[in-house]
Amino acid sequence: MIMVAVALLYLPPRPVSGYESKGKRDPFVPLVGQDKGSNSAGLEGIISINDVILEGIAIGHSGKNVAILNGQMVKEKEKFGLLQIRKISKKTVELSIDGKVYKLSLQDEKGIKVGE
């Protein structure tokens, strides 16, 4: 038994396997919720429309729609610091930041478009 334990001490270490992306997205990193370079204070720390990333919209059966902004689910009328969610529709989210109103739109194929 002692000889087996001593032999294990002298075995070469096993190589650590990893993922080589080769320019592709790592499938083990979640799409929603990952840090996209936004303000570290989350939605509470948003001070400009450039800090907001619209990632998705979900339409509820009862008319209660939700949007995903910067990896966080939000509902109409919610407020986070200077940010207030005004209206969520099928393809757009209307919000205000410090009183200024913006409309974010989902594009059909190419992701996200920001407009005023």
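Residues are numbered from 1 along each chain as its sequence is written, and side-chain values use heavy atoms, without hydrogens and water. Because the model is predicted, local features need pLDDT of at least 70 and side-chain atom pairs count only at pLDDT 80 or more, whereas totals for chains, interfaces and linings use all residues.

I begin with the core. A nonpolar core is a set of buried Ala, Val, Leu, Ile, Met, Phe, Trp, Tyr and Cys residues joined through side-chain atoms within 4.5 Å; buried means under 20% relative accessible area, exposed over 50%, with a 1.4 Å probe and protein chains only. The largest such core has 18 residues, and Val52, Leu83 and Ile97 are among those with the most contacts inside it. The strands β1 (54-58), β2 (66-69), β5 (83-88), β6 (92-97) and β7 (100-106) each supply at least two of its residues; strands are DSSP runs of E, at least two residues, numbered from the N terminus.

I turn now to Asn65, in the loop between β1 and β2. Asn65 counts as buried because its relative accessibility is 13%. Its side chain reaches the backbone nitrogen of Gly60 at 3.3 Å, and a polar atom of that side chain lies 3.0 Å from the backbone oxygen of Ile88.

Two further loop residues deserve mention. Asn70, between β2 and β3 (72-75), has a positive phi near 50°. Lys77, between β3 and β4 (79-80), has a positive phi near 75°. Asn70 is buried at 19%, whereas Lys77 is exposed at 61%. Most residues other than glycine have a negative phi.

Technical notes
Helices (H or I, at least four residues) and strands (E, at least two) are DSSP runs, numbered from the N terminus. A polar contact is a pair of N or O atoms within 3.5 Å; within protein, one must be able to donate a hydrogen and the other to accept it, and residues adjacent in sequence count only if both atoms are side-chain atoms.
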